[in-house]
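I've got one model to walk you through, so let me put it up on the screen.

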Amino acid sequence: MVDRSAGYPVSPGGHTLIDIRGPAARRPLAARPAHAVPVRDTRLPRPGPAPVPVRRAPGPPAGAASRRTVAGMAVGTPAVPGLDTVRRRLGAELFARVAGPRGAATRSRIHDTPGPRWFGPDRPIREVHGDASMFVGGLRALLLQSLHPLAMAAVAAHSGYRGDPWGRLQRTSTFLAVTTFGTAEDAERAVGRVRAVHRRVRGTTPEGEEYAASDPHLLGWVHVAEVDSFLRAHRRYGARPLDDAGYDGYVADAARVAAALGVRDPPTDQAALAARLDGYRAELRATPQAREAARFLLRHPPLPWAARPPYGVLAASAVALLPRWARDPLRLPYLPVVEGTAVRLAGHGLTRTIRWVMAPPPPPPPDR
C-alpha cells in the first residue's frame, strides 16, 4: 500500500486509462521471439521474460466473439434511441475520474509513442491490466495491503488518500499504464520517480516502529498483495480468463516491474506468490488506521449518491475475494452463500457495464 503516485497522472483499481482502445487492441498477437517486439513495422529489442502466448481457460469458440460487439450485445440488436449518447457520457465521466484532466494526452503518449516496450503485445500482463476487473482487484489490494502496520502507517502519513483520493488513483493508474503499455524509456522514468519518492517516505508508527517506503521487504508485501488481487479479480471477472500457465506468466511479468522498484527476488509464478503471501502472515494485523481506511473505502467513498449503488457492488465484489484471515481483522463480513451467488452475478454485471461504457464506438460499415 506504499504509494506509487510519484507525480504522474489505481483503483481503487480503476485502470481504464491503461488500455482504453477496446478489446480489439488488447487481443494478443502470435508469440514472437524474445528479441523482437514490433513497433510501427519495426522489430526492436525487448527486455523481459521470453514471450509466451497468452493462454486462456477454455471458453466459447473463437468465432463466437466475432459475432458480438465489445459490449456483449449481439450484432443486429435494435439500437435503443439515446443509448449510445448515455454510454459515451458515462464513459467520459469514468475516464476523467480515473485518468484525470490530461488523460487523453497521457493515453496517446503511452500507446502511440514508438519504441521498445518492457512487455510485448502477447504478454499476459497486458491482458490482465487492460481489463475492467482491475476495478475490483485494485480495491481488494488496498484492503489487503492495509493489514501490514508499517505499510498502513506510511500510507496514512504520506499518501493523502483521504484528502486527494482521485489524484492518487490517477497517478497510480498512470504508473500501471506506463509500465505495462508504455515505452521502456517512459517506464524506467516512471519507476525512477517512484523510487525517489520512496526514499523520502519514512517515519514511525503510533506503536513506535520505524518504517521506510524504500524497504525491500515492505515493498515486497505491497507487490504480492497487489499482484494476488489483480490475478484473482481477473480470474473471476475478466472478460477472457487465462489458464494457469497464463497466470504464471502474469506473475513473472509483474516481477519485472517489482524488481525495478526495489523488491528483492519477487515471485515469478503462482506457487511462489502464494508462498510469499503466506510468509507475511505473521506480520499482519488490523491497526486502527487500517480499520479507518477500510471504512473510508467501503462506507464513505468520495462519490456522489448516484454512484453509490454501483460502487457498493464493486466493494462487495472486492471483499468477497478476500480470504477469511484478511476479513476478520478488518471486521468485514463473511457471507459465502450470498457472495457465491448474488455478489458474483452483480460483479459480472458491473464489470461488463464498465467495458460497455468504455468501449469505442463500432466502426462504420464498409462502403458498398
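First, the housekeeping. This is a predicted model, so local features need pLDDT of at least 70 and side-chain atom pairs count only at pLDDT 80 or more, while totals for chains, interfaces and linings use all residues. Residues are numbered from 1 along each chain as its sequence is written, and side-chain values use heavy atoms, with hydrogens and water left out.

So, the overall picture. The chain has 16 helices and four strands; those are DSSP runs, H or I of at least four residues for helices and E of at least two for strands, numbered from the N terminus. Of its 368 residues, 50% count as buried, and buried here means under 20% relative accessible area, with a 1.4 Å probe and protein chains only.

Now look at α16, residues 336-358. How far apart should its ends be? At 1.5 Å a residue, its 23 residues should span 33 Å, and the end C-alpha atoms are 31 Å apart, which agrees. That expected span is 1.5 Å times one less than the number of residues. There's also a kink of about 35 degrees, centred on Val343; the bend is the angle between axes fitted to the seven residues ending there and the seven starting there. Val343 is on the helix's buried list too, along with others including Glu339, His348, Arg355 and Trp356. The cover over those buried residues includes α3, α6, α10, α14 and α15, where contact means heavy atoms within 4.5 Å.

Next, α7, residues 149-158. Seven of its ten residues are buried, and they run from Pro149 through Leu150, Ala151, Met152, Ala153 and Ala154 to Val155. Among the elements covering them are α6, α8, β4, α10 and α13.

Last stop, Asp131, in the loop between α5 and α6. Is Asp131 buried or exposed? It's buried, with a relative accessible area of 5%. And what does Asp131 touch, leaving out residues up to four places away in sequence? His234, Tyr237, Gly238, Ala239 and Arg355. Tyr237 is 106 residues along the chain from Asp131, yet their C-alpha atoms are separated by 8.9 Å. The Asp131 side chain also has a polar atom 2.8 Å from the backbone nitrogen of Ser133, and it reaches the backbone nitrogen of Ala239 at 3.1 Å.

Okay, that's my tour. Over to you.

Technical notes:
A polar contact is a pair of N or O atoms within 3.5 Å; within protein, one must be able to donate a hydrogen and the other to accept it, and residues adjacent in sequence count only if both atoms are side-chain atoms.
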